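Here is a friendly walk through one protein chain. Have the sequence and the 3D view open side by side as you read.

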Amino acid sequence: MQTLSVTSEKQIQDALLKQLAAMGYEILSHKDENFLEENWRVQTRKRFDFEIPERELDDARARMSKAGAIAHALHLRNENLRLNVANQLPIDEMYINRSDISKNTFQAIEEVTLKRALGINDDINKNRYDVVLLINGIPVVLIELKRPGVEVQNAFNQLRSYHENTLYKNEGLMGFTQLLVGSNQHLTRYMPTPNQSTSVRIDSAMRWREVDNTRVDDLSDFADALFEPTKLVHYLFSSMLIPTVTQDDSGQKKERSLFALRAYQKHAVDALVEKAKSHEGNAYVWHTTGSGKTLTSFKASQEIARLKNDKGDPLIKKVIFCVDRKDLNTQTLEEYKAFNGQSDQGESIGDIIGTSNSKRLVEKLNDEAALGNIVVTTIQKLNNALKTSQSQLKHLRDERLVFIFDECHRSQFGEAHQEIVKFFREAQMFGFTGTPIFGANAVKGHVGAIESADGVNQETLKIKKMTRDLFGDCVHKYQITDAIADGSVLPFNIDYFGRYQIRDESSKELDLEVNAIERKEIMESPERIRKIAEHIHENFDTYTQNRNFGAILCTNSIKALRLYMSAFQELNQKSENPITLATIFNYAPHEASDGEENDRNALAQYIEDYSQTYKTNHSLRSFGAYFADIQRRVKRQNVEAPYVDLLIVVDMLLTGFDAKEVNTLFVDKNLRYHGLIQAYSRTNRVLSKSSSAKKPHGNIVVYRNLREATEKALALFAGEEDSSSFYTLKLSELLKILQSHLSEVQQIAPTADDVRDIQSEENIKAFVMAMRHVKRALANAKAYPEFSWGTLSCDEQEYIHYLSHYKELARKTASDKRSVLHLVDFELEQQGESVLVNFDFLTALVEEYGDQSIEVVQGAVQKLVDQDERFHLVRDLIESFISQQSCEMSFVNYARANFDLELEDLAKRFNIPVAKLAQRLKRDIEKDTLSSAPALDGLRENVSESFLERRKRYEELELGYKTLRDRQALVLSASLNVE
């Protein structure tokens, strides 16, 4: 058996450079900013077969010296060299040749050194970049590498330091960097370079996926996917966006940051562009709700509009983006314009055209001066234009047009779509949807025809149509389970409640067993609705985290909506903490929904109440403004409190409405298939990690018999084999976990008073660990409004008593320098059985059971990490260890060797003797702080708290392994917080 050697950062760097050399990169080493400047001139001259005067290069370089990521990105994409050379035509070429990749030069430089401050030359005040990729001498990618076992976050911490200290220093060329990449060989992440005022954050970094959504974590695979010259140039120009200049409420310009497509977005754009190039049929993209379809559709529209034919003319006459609602038309137009980008002088980079009416649409379709423009309109306006202005559009019948339909599952099955296809004979139809129509969720009623055998007589009938019938093949798919795994959207916590016990008039509790009765008179009973309203009112703060978030209640009819409004208004009158309400619905103008009051008058009253609450002046006449104002208050966007706590709807805003500040959907409505997934997805938008509020999942609270409907929808849209990631753990499961940990505590100390009698150090530590498990499990369980202590072996008072002893003992064990374990058991499901993953188990897998078992554990560890971020700090080390093909090291020795290499890397980077650095860090570890000694200036920004925390853990693991190597309970840590 071959002895394991721990891979160093230098070995990873050498392997990457060797791979880049094979791709055609020139490899250079140990260069500084002076070399970068001169190299740019050398590479620029190489592009031409004649001498370029130095003054011309000086002028070009001066034009490039604009500070900031956006300015550099604009320059790189939208300005040319513009050099004047004697006896030559003026040179007017892009800095990077996009159309002929072979005319560019590609370089990779290792150990690029930039001074942090002018005039300071010592090593401590320099930043040394691991690898920089250049095209024609212009730096475009900065790569920071760490060894296996060192968390990727450390790479991004280092990149943050570079970004703050040297990236934009002195208007140097490094300011042109477009992408930041961090890797520890086994995990690789990337992000666009942020603007100067935005910090580099690991939670902004993205992972790569192949076209089939296979995750790409390994650095070598990532380099193949993105760094190959053709792929890199294509990504920089086709998958990155420069946003438009916008203003804040005070009229000041907002600082912009580059956008970069996620891998699945890029794959979808590429697929549609290829379809447009080939002019072969229609296509649709299935990207789950909340995954950024608007950005993807915009980039697809933009790239298709830019296509040229052999003569250099636009290949596509027009790109028309169609939505099916007026509010979505406005929203899409605003977002498209925000994505489209402007220079600092205000010039548009390709026009995005809105259409206020069908007449305006016809004008823009006929505008020959605006070839290649993207026209945003509604399906209704397009249909009206075809009905009223066919003669004005007939010259476009055989032109190459591309229609892109948003939410193509929803409204493209009627006669309007057929008329568009029939009229524009050479047009291609591309669709975007998060929930396609398949056979299972198709609805009868779409008009079709069956031709008789003689080809003469036709029978018209109503048939089911699916998305593929109208849009052909699905050219790219990204399902909800993929998005949850990537963190693009959140999972759901679903609570099912049935009808209340009708005969028990005193009960305010709802029966937890879902009842199958769906009769209208029962479901719209005022008593039933009052019971549900009481349940929502009583638990509202729990679900919405004390109203840090808002909620939506969807009902089955306007009648039910009005009953809910009355019930909540009555409850608010009795409450010391009333819920702010709002509602919106489409009413039937001249029809009464019941014998009391027609829907129009009801809505008018609700708008009047809204205006009084929120100090506005809306009415039915300003319904559009009212609609927009409600959306802003639900989103808490550009408005002051009070916000809308609870929005009550029938159908509106259950699709196409993105509000990160909504975390709960109360459901008293029959939902199925795509309608169900769309509605649920109003709650699963990811909140910014910088927000003070925490949003681990979306809450779905169901008061109808939708359990089976939910499972069917998941089977259709998430895949039966993957649908488990759709959910968070249920309360019943959490209570089992909580009880098991309580039992551990009570085995050590049957009562809280018995804690005083614990004598041995080992039992004290066991008690502390068991209580930590209890605290975490209890925190998770208490997130559920129906949590109670009733089924547990300990009541709340006894727990508080235990907790007081725990805090005292935890302080004692934390100060004990011989403290051994901060470890917690975790289980991996494997064919229905649980597997205890201890050091011996990991080693045995590598030594005895071969690759198949290693892959099983890797997959299981990944699943745990996806579900629980507390594994993050040790995940890299575990995966690195179990990925070795052979191993004679124990896990703890492997961890120790990794730390020693990291220590050596730091010592070398700062030119400090290893022994001196180790001695200093040892004191820092004991003090739980970072050193500020003058001798180690510069380390503060490069030695993170995480580094010291891992060092402590390694020592504890080593001591623990030696002390308890024969105990089966020695397992990997799931929590690294010492309390």
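The notes below go from the whole chain to a sheet, a strand and a helix pair.

Please keep in mind that this is a predicted model. The protein chain holds 31 helices and 27 strands. Of its 979 residues, 56% are buried.

**The chain as a whole**
- Among contacts between residues at least 6 apart in sequence, 73% join residues at least 24 apart.
- The accessible surface comes to about 43500 Å², and carbon and sulfur atoms account for 46% of that surface.

- Six strands make up an open sheet with mixed pairing, in the order S1-S2-S3-S4-S5-S6.
- At the edges sit strand S1 (26-29) and strand S6 (188-192), each of which pairs on one side only.
- On average, neighbouring strands of this sheet are turned by 25° against each other, direction ignored.
- Helix H2 (residues 33-46) packs on the sheet and touches S1, strand S2 (106-115), S3 and S4. The direction of H2 makes about 150° with that of S2.
- Within the sheet, strand S3 (residues 126-135) and strand S4 (residues 138-145) are antiparallel and share five bridges. To find this pairing in the viewer, look for valine 131, whose bridge partner in S4 is isoleucine 143.
- Helix H7 (residues 229-238) lies across S2, S3, S4, strand S5 (179-183) and S6, and runs at about 100° to S3.

**Strand S12, an enclosed strand**
- Strand S12 (residues 318-323) is largely enclosed by the rest of the structure, because six of its six residues are buried.
- Lys318, Ile320 and Cys322 point one way from S12, while Val319, Phe321 and Val323 point the other way.
- In a regular strand, side chains alternate between the two faces of the sheet.
- S12 pairs in the parallel sense with strand S15 (residues 401-405) over five bridges; there, phenylalanine 321 has isoleucine 404 of S15 as its bridge partner.
- S12 also runs parallel to strand S14 (residues 374-378), to which five bridges join it. In that pairing, valine 323 stands opposite threonine 378.

**A helix pair: H20 and H21**
- How do two packed helices get described? By the angle between their axes and the distance between the axes.
- The axes of helix H20 (residues 599-614) and helix H21 (residues 623-635) come within 12 Å and cross at roughly 50°, so the two helices are oblique to each other.
- The crossing of H20 and H21 is left-handed.
- From H20, the residues Leu603, Ile607, Tyr610 and Tyr614 meet Phe623, Tyr626, Asp629, Ile630 and Arg633 of H21.

Technical notes:
Residues numbered from 1 in each chain as written. Predicted model: local features only at pLDDT ≥ 70, side-chain atom pairs only at ≥ 80, totals over all residues. Heavy atoms only, no water. Buried < 20%, exposed > 50% of the residue type's maximum accessible area, 1.4 Å probe, protein only. Helix = DSSP H or I, 4+ residues; strand = E, 2+ residues; numbered from the N terminus. Pairing = 2+ DSSP bridges. Contact = heavy atoms within 4.5 Å. Areas by Shrake-Rupley, 256 points an atom, 1.4 Å probe, with all protein chains shown as cover. Axes fitted to C-alpha atoms, helices over the stretch in contact; angles between N-to-C directions. Parallel < 35°, antiparallel > 145°, perpendicular 65-115°, else oblique. Left-handed = near helix turned anticlockwise from the far one by under 90°.
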